[in-house]
Amino acid sequence: MKIKWGKKRLMAGGLIGVCLLLLVGYMGQSIKRVDLEGMITVAHRGAANFAPENTMSSFQKGLDLGADFIEGDVHLSKDGELIVIHDESVDRTTNGKGLVKNFTLDELKKLDAGTSFHSDFEGEAIITLNELLEEFYGKIGILIEIKNPSLYPGIEEKVVEILDQYNDLQSIVVQSFSEHALKKIHELNPKLQIAVLIETSTTPISSKKLNDLTSFATYINFNISNLNKRMVDEIHQREGKVLVWSKTDPKLIQKAFRYGVDGIITDFSSWPYLPPVYVAEE
Ligand code: G3P
Ligand code: CA
């Protein structure tokens, strides 16, 4: 009798296990697999020509326009929160004045990050990297740029700690102009996809340097005005990918297509299918 009851329990356990697997599989379906084939479109600072850069509205617009990725810039606040904003200071994009690192998160949240773009966006808040991921992970790819890491000791650990909570690392890429920061990120979690941003002053890149960069980075990203076809081919030969950024210049974007780059980081987001500027509603 005892053995039969044991078998029943085993079968019930197995059944529950299968159901759980099916449920997890089903839930997995709601995670959008980022399509990395063909030309990748990245909404630069969100769709920054349509809404205030690096805000929820801007990232949502990038998603609505059908971009494959949204790109956002990250700094650290005084109290160690990862803040999504482009500049070291809040002056250009908000109604505040001063360096991001001198504000606490609470203080940053009181600033208006919308009006400097257009009065329709009055009250738009600065967001954290956590908020960005909570809203957009699973809906679109997320390209996170670590800005000025030398100003923020420990920022690499904080970024990796947050990203460790997410399973689909195909849909997340970390980029920076700082090779040092990126190598640290790679050491902390070798599964994270890395993109090295190339400074104009460091081109052309030697073969030895390209070997080094492609040993830890999946993407080598250039300003389009700073790239030639030979460089794209050399990176492809090393199984690397190339993204280029050009905020809005259609001619430069066409040049990138001709060079065979893997993707484009642009404020247009759905270029060339929509008009490239915000038009206020009547
Ligand atoms: O993604 C590349 C690009 O974002 C780098 O320039 O100044 O817009 O952060 P910036
Ligand atoms: Ca950026």
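How do the residues of the shell around ligand 1 divide into nonpolar, polar and charged? In this predicted model, the division is three nonpolar, three polar and five charged.

The shell consists of His44, Arg45, Glu71, Asp73, His86, Glu145, Lys147, Gln175, Leu197, Trp245 and Ile265. Its charged members are five in number.

Three of these residues place a polar side-chain atom beside an oxygen atom of ligand 1. For His86 the separation is 2.7 Å, for Arg45 it is 2.8 Å, and for Asp73 it is 3.4 Å. On its own, ligand 1 has 290 Å² of accessible area, of which the protein covers 91%.

## Packing of helices α5 and α6

Two packed helices are described by the angle between their axes and by the distance between those axes. Helix α5 spans residues 155-163 and helix α6 spans residues 179-188; their axes lie 9 Å apart, and the two pack at an angle of about 40°.

Because angles under 35 degrees count as roughly parallel and those from 65 to 115 as roughly perpendicular, α5 and α6 are oblique to each other. Their crossing is right-handed.

## Packing of helices α2 and α4

Helix α2, formed by residues 56-64, packs with helix α4, formed by residues 129-136, at an angle of about 30°, and the axes are 11 Å apart. The angle therefore makes α2 roughly parallel to α4, since the cut-off for that description is under 35 degrees. The crossing in which α2 passes α4 is right-handed.

Notes
Residues are numbered from 1 along each chain as its sequence is written. Chains are lettered from A and ligands numbered from 1 in the order in which they are written. This is a predicted model: local features need pLDDT of at least 70, side-chain atom pairs count only at pLDDT 80 or more; totals for chains, interfaces and linings use all residues. Side-chain values use heavy atoms; hydrogens and water are left out. A residue is near a molecule or strand if one of its heavy atoms lies within 4 Å of it. A polar contact is a pair of N or O atoms within 3.5 Å; within protein, one must be able to donate a hydrogen and the other to accept it, and residues adjacent in sequence count only if both atoms are side-chain atoms. Accessible areas come from the Shrake-Rupley method with a 1.4 Å probe; for residues, only the protein chains shown count as cover. Ala, Val, Leu, Ile, Met, Phe, Trp, Tyr, Cys and Pro count as nonpolar, Asp, Glu, Lys and Arg as charged, and the others, Gly among them, as polar. Axes are lines fitted to C-alpha atoms, for helices over the stretch in contact, and angles run from 0 to 180 degrees between N-to-C directions. Helices (H or I, at least four residues) and strands (E, at least two) are DSSP runs, numbered from the N terminus. Angles under 35 degrees count as roughly parallel, over 145 as roughly antiparallel, 65 to 115 as roughly perpendicular and the rest as oblique. A crossing is left-handed if the near helix is turned anticlockwise from the far one by less than a right angle, and right-handed if clockwise.
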